[in-house]
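Thank you all for coming; I would like to take a few minutes to walk through one chain with you. Please have a look at it on the screen before I start.

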Amino acid sequence: MYCPTCHEEIPNQVDVCPACGAPIERKPLTLPFFGELDSSTITAISIVLILAGLIGVAMQAMGLI
Ligand SMILES: [Zn+2]
């Protein structure tokens, strides 16, 4: 990643830029696309994704992938 203050390349894990000393704000992982959905819709999407993941694992286990 790059420092937002001095634009030096910096490691992802740092809290402070080693080049200029500016504090690095790491934004929490957000999904802008889902921002306008209500929580029940998000829950439904989550269940679908989990099921898809389980199906993928099952197919891998059966040697289909
Ligand atoms: Zn910096």
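I will begin with the chain as a whole, then turn to the helix, and then to a few residues on either side of that helix.

Please keep in mind throughout that this is a predicted model. The chain holds one helix and zero strands, and of its 65 residues 0% count as buried. Where contacts with a separation of 6 or more are concerned, 0% of them come from residues 24 or more positions apart.

Now the helix, α1, which runs over 39–61.

Let me move to what comes after the helix. α1 is followed by G63, and the phi of G63 is positive, near 80°. I65 also belongs to the segment after α1, and if we leave aside its neighbours within four places in sequence, I65 is in contact with M59 and Q60. Is I65 buried or exposed? I65 is exposed, because there are 9 other C-beta atoms within 10 Å, and the cut-off for exposed is 12 or fewer.

Finally, the segment before α1, where I would like to pick out H7, E9 and P18. H7 has a phi near 65°, which is a positive value in a residue other than glycine, and H7 is exposed, with 11 other C-beta atoms within 10 Å. E9 counts as exposed too, since it has 8 C-beta neighbours inside 10 Å; in sequence E9 and A19 are ten residues apart, while in space their separation is 8.8 Å, C-alpha to C-alpha. P18, for its part, is exposed with 11 other C-beta atoms within 10 Å, and although P18 and C3 are 15 residues apart along the chain, their C-alpha atoms are separated by 9.2 Å.

Definitions and conventions:
Residues are numbered from 1 along each chain as its sequence is written. This is a predicted model: local features need pLDDT of at least 70, side-chain atom pairs count only at pLDDT 80 or more; totals for chains, interfaces and linings use all residues. Helices (H or I, at least four residues) and strands (E, at least two) are DSSP runs, numbered from the N terminus. A residue is buried if 20 or more other C-beta atoms lie within 10 Å of its own, exposed if 12 or fewer, and partly exposed in between; C-beta atoms are placed from the backbone. Two residues are in contact if their C-beta atoms, placed from the backbone, lie within 7 Å.
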